[in-house]
Protein chains: 2
Amino acid sequence: MKVKVVTRILEANDRIAEENRKKFKDAGVFVINLMGAPGAGKTTLLERTILALKPHRKIGVIEGDIVGQDDADRIGALDVPVVQINTGGACHLDANMISEVLDDLPLRELDMLIIENVGNLVCPAEFKVGEDMKMMVLSIAEGHDKPLKYPLMFRESSALVLNKMDLLPYMNTDMNKVRNDSLALNPKLKIFEVSCTSGAGIDAWATWLSGFRS
Amino acid sequence: MKVKVVTRILEANDRIAEENRKKFKDAGVFVINLMGAPGAGKTTLLERTILALKPHRKIGVIEGDIVGQDDADRIGALDVPVVQINTGGACHLDANMISEVLDDLPLRELDMLIIENVGNLVCPAEFKVGEDMKMMVLSIAEGHDKPLKYPLMFRESSALVLNKMDLLPYMNTDMNKVRNDSLALNPKLKIFEVSCTSGAGIDAWATWLSGFRS
């Protein structure tokens, strides 16, 4: 019975995600679903990415949080179009939430829309929102066991950004294990090592990302 | 329609949680629901806690993960009764999952049962499992904005363990903001600062915890 409910929700979600995808394609905007655990550094990576890409690309942002608009305020300060979604209790964004805010963004003026999902390594990977690409941020302070414990997100992502590399000297994180387990789950996964604090690795990441267009 | 489904699921869950609670009370076991984001250090804190309390209290553990049994292997190595639940896709433990494994634990021999929930700051706070007390672990590497972004878990928890304090010199985390925002959400919240790496703060935490009995 419970499984039935979930299936129905996911099917309904996928239909709306497909409608979103058509709208994004018509508008000529490339859409990224940015996922990661609470505190992985999604918003800080987004700030760094916007600053790096802004001279070349028109970027818009949708921020997903349970409550509050701190992240939208941070992104808005960079002078890019941003909409904040508050999910209430929901631990992930779904296609319908995205559909409801599309009219609040100048889609046709954008090259790229980055959707920052709720901080969660589980459900955001299950709910399509109409994106062209999923990517995830993992803080190395989260430890090396995350790929095997949350495999779906690693499988679904095209890129894995390993953040907070500046903390590596003070951690026991086995980076080879992170890399090997991630690639075993998803051999096509593109892996970047960055520090959003120092800025190390951001250029390589932003250059790769700027290659994607609708 | 979607809201209706969620309500029904939560009502059914609460009924089963109440049945679990009666079984725990009959068995004389005090039950803790241990929550936190992926990589907060829940399992490492659990290892430290078991080692500190083991001379005085009989502890049992239920481990909740999407897949795998790494955490149960780690806890089992400490020679305490442990059961691993794999939730499949579910981002939280629910009362029914707990109910189904209770016969696999020697409840009447235990003083305390610690249930380590799936790594997630959202849904584990919504689903009661029959516990006497909820508590949460927050890694200071997750940043100081977590209380305001994930308020329910801070409201529902009796204790907040701030872990990875050894990383503080290398972080920009504003500990006053973490403390003040947490206490504004939940004035009765008991806050501990620990490092599971160095062991700092574990004694005070374990002494406090050992005061709870069924």
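Which residues does B:Ser157 touch, not counting residues up to four places away in sequence? In this predicted model, B:Ser157 touches B:Met35, B:Lys134, B:Met135, B:Met136, B:Asn186 and B:Leu189, where contact means heavy atoms within 4.5 Å. The model is a predicted one in which local features need pLDDT of at least 70 and side-chain atom pairs count only at pLDDT 80 or more, while totals for chains, interfaces and linings use all residues. Residues are numbered from 1 along each chain as its sequence is written, chains are lettered from A and ligands numbered from 1 in the order in which they are written, and side-chain values use heavy atoms, with hydrogens and water left out.

**Interface of chain A and chain B**

- Contact between the chains involves 37 residues of chain A and 37 residues of chain B.
- About 2800 Å² is buried between chain A and chain B, with carbon and sulfur atoms giving 59% of that area; buried area is the accessible area (1.4 Å probe) that two parts lose on being put together, summed over both.
- Of the area that chain A buries against chain B, 20% comes from A:Pro38, A:Lys149 and A:Tyr170, which is more than any other three residues supply.
- Four salt bridges are found across the interface, a salt bridge being a side-chain nitrogen of Lys or Arg within 4 Å of a carboxyl oxygen of Asp or Glu.
- B:Lys149 forms a salt bridge with A:Asp71, with 2.4 Å between the closest N and O atoms.
- On the side of chain A that touches chain B, α1 (2-27), α3 (70-76) and α5 (146-149) each supply at least two residues, and α5(A) gives the most, with three residues; helices (H or I, at least four residues) and strands (E, at least two) are DSSP runs, numbered from the N terminus.

**Relation of the two copies**

**Buried positions within the chains**

- B:Ser157 is found in the loop between α6 (151-156) and β6 of chain B and is buried, with a relative accessible area of 3%, where buried means under 20% relative accessible area, exposed over 50% and partly exposed in between (1.4 Å probe, protein chains only).
- The side chain of B:Ser157 reaches the backbone oxygen of B:Met153 at 2.8 Å.
- B:Asn163, in strand β6 (residues 159-163) of chain B, is buried with a relative accessible area of 2%.
- The C-alpha atom of B:Asn163 is separated by 4.7 Å from that of B:Ser139, although these residues are 24 residues apart along the chain.
- A:Leu46 belongs to helix α2 (residues 42-53) of chain A and is buried, with a relative accessible area of 1%.

Conventions. Polar contact = N/O pair within 3.5 Å; in protein donor to acceptor, adjacent residues only side chain to side chain.
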